[in-house]
Amino acid sequence: MSTAPTGLPIDETSRARLATDGLRMAVVDATDPAAYEAWLRSESRGFHGDQPTAEVLQQRHAGLSADRRLVGVFDESSAQPDLPVATTICWPADLTVPGHRAVPAWAVSGVSVSQTHRRRGIARALMEAELRTALALDLPVAMLTVSESTLYGRYGYATAALARDVTVLTRRVRWTGPQPAGRVHFVSAEQLRDDGHAVVERVRLGRPGEISYDGHLWTRQLGLSVDDDNAKKLRLIRYDDASGTPQGFAVYHLVGDDTDFAEHELKLHTLVAATTDAYAGLWRFLLDMDLVTKVSAHLRPVDEPLRWMIDDFRAVRVTEVDHLWVRILDVPAALGARTYGSPGRLVIAVDDPLGHADGTWAVDVADDGGATVSATDDPADATMSVNALGSLYLGGVPARTLVATGALSGDAERLDRMFRSPVEPFLSIWF
Ligand SMILES: CC(C)(COP(=O)(O)OP(=O)(O)OC[C@H]1O[C@@H](n2cnc3c(N)ncnc32)[C@H](O)[C@@H]1OP(=O)(O)O)[C@@H](O)C(=O)NCCC(=O)NCCS
């Protein structure tokens, strides 16, 4: 990526399209506190959030990395012409792909259109612009997490990693997993801010779907944003291995039951473990807590080993949702960034209505799993939509599932041998 994200001019195609509707699309100068405030107020309103207080504005502005590209759409005829009527915030982040590698990707976030301007094509103009912007920045993949599953398929995105909400009825369970060798410490927010991020970074390349992040996203992940309603209730724990090295952490808060003090619910915000020992140590600590009958956790991996570490599998209730959506833009760069499960040559034909990934591509996989990918005129072994390619990309969605939907045709078994990841993809944050 040669150009800084904020240095790139606004996408001309979408700017011109919105201008015909009397709207001005522009990159927002986020270094200007007033411009940032107007952008954030609009974005917060778009997501039905609170009016940001001075303290929130200050913390968010201070935590805004220089690589954040903020875009606003302005309507000079509205009663508040300085407040954008639509927003996006995007930045480059490393997305882990199979093979302990990462691909540079365009993280698309903060997509909002004011209630007063909805359903007249503003989101489409913004989303199509961000795809062209990503390509202009040499980023072969775009990605996002979604408020609704119905929004982004039309732009070529597809679910690439699922997540689970988990509830454990703790009174029913006895720990049958390994005995942890290290110990749990309560730590302060400052300690966890310092020690925790190194753990996140150690975990990141081992899990397709995880992305690099810090700044506001790290503060929010710890529940320490000033606008987090639960900030004053948080408990922060760190797991150190037998040699005293931090290997994991968790953040949670407790909610009491007004009628029975022995019936607290533990709400787990985050649990990150770099080793199986730390994983066992943290979960065991949480399940063993006095005065607690239920542990609930949002955004957990689909291959969570927890149910195999307790004696009552059915004490864990699970709900599965789509979480990380991926959009392939540059096929040779994106597919060449990951490794594959079996060597050989596979030719895929990709149908992309927006044109970016359209074409027939030969994926030549070497014995070490690395691949070179190039355009070809050879006949295709498999044909798929760009969405299906996005779902295959991190190795979590089986080709046979995509064949069943009609989004892919070809030898699903062979595709699965090549594309499936031995580690289920997962993203542990929202962005
Ligand atoms: C979702 C949102 C961004 C859509 O903005 P918009 O400007 O009204 O969308 P557009 O008019 O550009 O519509 C583009 C397409 O999306 C469709 N669409 C828009 N909102 C939709 C919704 N909520 N559910 C399903 N489809 C939707 C439109 O029908 C249109 O389809 P088509 O072009 O394929 O015919 C806007 O309603 C919003 O801000 N919602 C609240 C915040 C939010 O959820 N943002 C998304 C964060 S991930």
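1. F285 is partly exposed, with a relative accessible area of 27%, while F186 is exposed at 55%. Buried here means under 20% relative accessible area, exposed over 50%, and partly exposed in between, with a 1.4 Å probe and protein chains only. The model is predicted: local features need pLDDT of at least 70, side-chain atom pairs count only at pLDDT 80 or more, and totals for chains, interfaces and linings use all residues. Residues are numbered from 1 along each chain as its sequence is written, and side-chain values use heavy atoms, with hydrogens and water left out.

2. Y36 is buried, with a relative accessible area of 2%, and W39 is buried at 1%. The rings of F186 and F285 have their centres 6.0 Å apart and their planes at 75 degrees, so this pair is edge-to-face. F186 belongs to strand 7 (residues 183–186) and F285 to helix 7 (residues 276–287), so the pair ties together parts that are 99 residues apart in sequence. Helices (H or I, at least four residues) and strands (E, at least two) are DSSP runs, numbered from the N terminus.

3. The structure holds nine aromatic pairs. One of them is Y36 with W39, stacked at 6.4 Å centre to centre and 15 degrees between the planes. Rings of Phe, Tyr and Trp (its six-membered ring) pair if their centres lie within 6.5 Å; planes under 30 degrees apart count as stacked, over 60 as edge-to-face and the rest as tilted. Both Y36 and W39 lie in helix 2 (residues 33–46), three residues apart, about one turn of the helix. Y152, Y155 and Y157 form one aromatic cluster.

4. Two arginines lie over rings. The charged end of R68 sits over the ring of W91, 4.0 Å from its centre, and R338 lies over the face of Y340 at 4.3 Å from the ring centre. The criterion is NZ of Lys or CZ of Arg within 6 Å of the ring centre and within 35 degrees of the ring normal.

5. An oxygen atom of the ligand is 2.5 Å from an N or O atom in the side chain of S147. A polar side-chain atom of R154 lies 2.8 Å from a ligand oxygen atom, and a backbone N or O atom of G121 lies 2.9 Å from a ligand oxygen atom.

Note on methods. A polar contact is a pair of N or O atoms within 3.5 Å; within protein, one must be able to donate a hydrogen and the other to accept it, and residues adjacent in sequence count only if both atoms are side-chain atoms.
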